[in-house]
Amino acid sequence: MDSGRAHPQSSGSTAHAHGRILLFMKTTVDLLGALAEPTRLAALGLLWDGREHCVCELMERLGATQSRMSRHMGVLDRAGLVEGRRDRQWVRYRRRGDVDPAVVAVVEAALRLAGGNCVPAGRDGAEMEVRP
């Protein structure tokens, strides 16, 4: 008969390890989701130089509206890839300096695969095409 007490094999450390695995998986899914959208990947390509870029520059270069660009930058920020600072009416974004080296490797691999071939197709950047 089970007394309801935890078995010695099912310690809190097992639950802790399971929690870490789930957190890692969620973080990985968030990262891959952030990279899976062409406008976000193109924005990362611009920001990955380490310099600060005004959202107005990103909008112009990627052909995106202000609201669309802000949404994309929010996704990249929540994924831990970029950080922004307000400068009067605009926000200036840059690559985060504390990105885990494994994450940097994934981002750089995605940027290499894209090869700079993702360009805006629609006026508001809603669609992207890959040029051969």
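## Ground rules

Two strands count as paired if DSSP finds at least two bridges between them. Helices (H or I, at least four residues) and strands (E, at least two) are DSSP runs, numbered from the N terminus. Keep both in mind, since the sheet comes up soon.

What you're looking at is a predicted model, where local features need pLDDT of at least 70, side-chain atom pairs count only at pLDDT 80 or more, and totals for chains, interfaces and linings use all residues. Residues are numbered from 1 along each chain as its sequence is written, and side-chain values use heavy atoms, with hydrogens and water left out.

## The big picture

The protein has five helices and five strands. Walk along from the N terminus and the elements go α-α-β-α-α-β-β-α-β-β. Of the 132 residues, 30% are buried; buried means under 20% relative accessible area, exposed means over 50%, and partly exposed is in between (1.4 Å probe, protein chains only).

Next, contacts, meaning heavy atoms within 4.5 Å. Take the contacts between residues at least 6 apart in sequence: 57% of them join residues at least 24 apart.

In what order do the three strands of the open sheet sit? The order is 1-3-2, with antiparallel pairing. Strand 1 (53-54) and strand 2 (82-87) are at the edges with a single partner strand each, so one side of each has no neighbour in the sheet. As a bit of background, strands of a sheet pair through backbone hydrogen bonds, either parallel or antiparallel.

Strand 2 and strand 3 (residues 90-95) are joined in the antiparallel sense by six bridges. Among the partners, Arg85 is bridged to Arg92 in strand 3, and Arg86 to Val91 in strand 3. Strand 1 and strand 3 pair over two bridges, also in the antiparallel sense. Here Arg92 of strand 3 turns up again, as the bridge partner of Cys54.

Where is Arg88? Look in the loop between strand 2 and strand 3. These strands make a hairpin with two residues between them, and there Arg88 takes a positive phi near 60°. Most residues other than glycine have a negative phi, and most peptide bonds are trans. Is Arg88 buried or exposed? With 74% relative accessibility, Arg88 counts as exposed.

## The nonpolar core

A nonpolar core is a set of buried Ala, Val, Leu, Ile, Met, Phe, Trp, Tyr and Cys residues joined through side-chain atoms within 4.5 Å. The largest one here has 28 residues, and Leu44, Met69, Met73 and Leu81 touch the most other members. At least two core residues come from each of helix 1 (12-35), helix 2, helix 3 (55-62), helix 4 (66-78), strand 3 and helix 5 (101-114). Helix 2 gives the most, with six residues.

Let's zoom in on Leu81. Setting aside neighbours within four places in sequence, Leu81 has contacts that include Leu31, Leu44, Trp48, Leu76, Val99, Val103 and Val107. Arg94, Arg95 and Arg96 are also among the contacts of Leu81.

## A charge over a ring

A charge sits over a ring if NZ of Lys or CZ of Arg is within 6 Å of the ring centre and within 35 degrees of the ring normal. Which residue lies over the face of Trp48? That's Arg95, at 4.1 Å from the ring centre.

His72 is in helix 4. With a relative accessible area of 7%, His72 is buried. Leaving out neighbours within four places in sequence, His72 is in contact with Glu37, Thr39 and Arg40.

Gln66 also lies in helix 4, but Gln66 is partly exposed, at a relative accessible area of 42%. Beyond neighbours within four places in sequence, Gln66 is in contact with Met59 and Trp90. How far apart are the C-alpha atoms of Gln66 and Cys56? They are separated by 7.6 Å, with the two residues 10 apart along the chain.
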